[in-house]
Amino acid sequence: MGYRISVEALDVTSQHAIRLRGVPAEQTVGELVTTAVGRMGLPTVDPAGRPYSFMARHEVTGEALFVSQPVGDVLKDGERIRVLPSVDAGRAPGSGAGCRF
Amino acid sequence: MPILSRYEFWAEVTPVDGAEPLGTVPLRRPDFEPALQWAYLQRVRRALAPAVMHCGDGVVEPVWDEELGRPFVESIGIRVGTSGVTPLSRIPIAYLRKSVEMAASGWVAEGRLAAGEPFRYRLVAHASSDESSMAEDESGITAEPIPQPLDLQEREMAAVVDASEARDAEWSDDTDLLVVIPLTILEEVVVLAEAAGELEMGGVLVGGLCRDRASGDLFVEVRAQLPARHGCAASDRFTFTAETWADARAAIALRGEGECLVGWHHSHPFFCRRCSVESRLRCPLLRPFLSEHDESLHRTVFGRAFDLALLVTDRGPDGREVALFGWRHGLLLRRGYRVSGGAVERTAAVEGSAERDDATSFRRGA
């Protein structure tokens with residue numbers, strides 16, 4: 001492809017909204033999400049050190065973008081994506097493996 | 001969104017039973033973003049800053065302990081922006097407690113501290129030659145923030161206060177935003193927790209950030225809860241998937257009320273089911289608390305200073321307890337709130353009766 005585009009990326013609540021300029025069109029959506037999450041300063045691992053998984057959705061169509069898709073195939077210059085994490089609540093200390101209290 | 005600091009923070013750690021400090025341990029890149037968000041919202045509340053989600057710079061610097069002097073730190077100073085013209089917001093050193101615990105955990109492995117051994121700490125700061133900031137990488141990609149409006153809704157706070165009653169006032173702080181939650185929502189989340197049985201359940205809170213017409217101060221109105229669809233429930237966790245968030249955003253758009261996500265809720269089942277009565281008496285799991293994973297979820301998704309976390313704790317024979325948590329000085333802490341929509345009338349109706357406890361504390365199954 002050889003060209004670069006600009007992409008707007010927002011998190012769940014729009015607290016973090018950034019415009020990424022110079023995104024290579026051949027870069028994958030997965031790489032774009034990694035860049036966006038890093039630039040937003042969002043945590044990338046849970047307290048146990050396991051990485052959070054984020055997925056991207058096209059803001060207007062709501063379509064889920066697959067991590068292996070090239071950015072240039074699914075996004076036009078200036079379009080907006082929303083990056084959404086999969087995160088656990090709970091995991092109380094002492095639960096499951098036996099209480100320590 | 002760089003947060004700059006010309007200082008490195010260290011903790012001087014002393015075992016509770018010891019007289020001499022074990023030494024000092026560096027705190028690696030503490031996360032000051034929640035503190036900066038909180039400081040910025042305080043400025044929006046006083047109409048000193050635009051009503052947008054803060055996505056700008058900030059500066060962290062130590063406030064020296066007046067008695068001990070430099071390098072001992074009395075509190076952490078957070079300044080919105082890098083121009084130096086905004087006043088310093090003071091954040092208590094407790095803000096870095098978890099960073100200290102994490103840093104000191106290395107000493108447990110080395111045998112200098114026993115596992116679980118309580119310690120106290122003092123914060124010290126040293127000038128740093130390496131200003132922490134988000135450096136550009138070599139990919140050629142640049143990032144610039146796009147300020148998003150806060151979509152404040154004009155309301156009469158006095159009317160909201162008159163039509164509601166305070167809950168958990170002992171957990172309140174003068175700096176907290178007023179939060180009002182309809183009684184029906186509290187009842188709904190308790191019913192959801194009951195229905196989930198031994199599993200955790202979760203959902204989102206929908207509402208609006210409001211500006212009082214009289215004072216200009218901000219407050220939060222929770223108007224609905226939406227059970228999390230596409231989530232995964234287990235006895236010790238609830239997974240909010242990417243589809244959960246997408247579904248919640250779509251539902252809010254369908255409601256068409258100009259609302260937004262203002263937080264989330266989840267439940268803790270009765271963790272102490274198989275424990276003895278004696279163990280339960282001293283068990284911290286029977287009290288409302290947010291686990292590390294809960295706090296990490298809140299930081300990851302609900303990092304705005306007005307975002308809320310509602311928790312239903314199953315206390316077994318003592319029923320279920322509802323507790324609200326929110327950001328204060330960048331720390332995620334239990335807080336007070338107000339209940340609207342019948343709470344006042346219901347409390348009055350059962351005053352002096354055996355039902356009072358059930359009506360005022362939302363405990364069920366007691």
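How many bridges join strand E2 (residues 7-15) of chain B to E7(B), and in which sense, parallel or antiparallel, do the two strands run?

**View 1. Three strands of chain B form an open sheet.** This is a predicted model, in which local features need pLDDT of at least 70 and side-chain atom pairs count only at pLDDT 80 or more, while totals for chains, interfaces and linings use all residues. Residues are numbered from 1 along each chain as its sequence is written, and chains are lettered from A, with ligands numbered from 1, in the order in which they are written. Nine bridges join E2(B) to E7(B), and the two strands run antiparallel; strands are DSSP runs (E, at least two residues) and helices are DSSP runs (H or I, at least four residues), both numbered from the N terminus, and two strands pair if DSSP finds at least two bridges between them. Strands of a sheet pair through backbone hydrogen bonds, either parallel or antiparallel. In this sheet the order is E3-E2-E7 with antiparallel pairing, and the edge strands, each pairing on one side only, are E3 (23-26) and E7 (119-127) of chain B.

**View 2. Domain 1 of chain B touches domain 2 of chain B.** The domain assignment, which is automatic or from a database, gives domain 1 as 3-127 and domain 2 as 153-361. Here 14 residues of domain 1 are in contact with twelve residues of domain 2, where contact means that the C-beta atoms of two residues, placed from the backbone, lie within 7 Å. On the side of domain 1 that touches domain 2, helix H1(B) gives the most, with eight residues.

**View 3. B:Ser89 lies in strand E6 of chain B.** B:Ser89 is buried because 21 other C-beta atoms lie within 10 Å; a residue is called buried at 20 or more such atoms, exposed at 12 or fewer, and partly exposed in between, with C-beta atoms placed from the backbone. Not counting residues up to four places away in sequence, B:Ser89 touches B:Ala39, B:Gln42 and B:Ile78.

**View 4. Chain A meets chain B.** In this interface, 39 residues of chain A are in contact with 46 residues of chain B. Strand E2(A) pairs with strand E8 (residues 142-145) of chain B in the antiparallel sense over four bridges, and A:Ile18 stands opposite B:Pro145 in E8(B).
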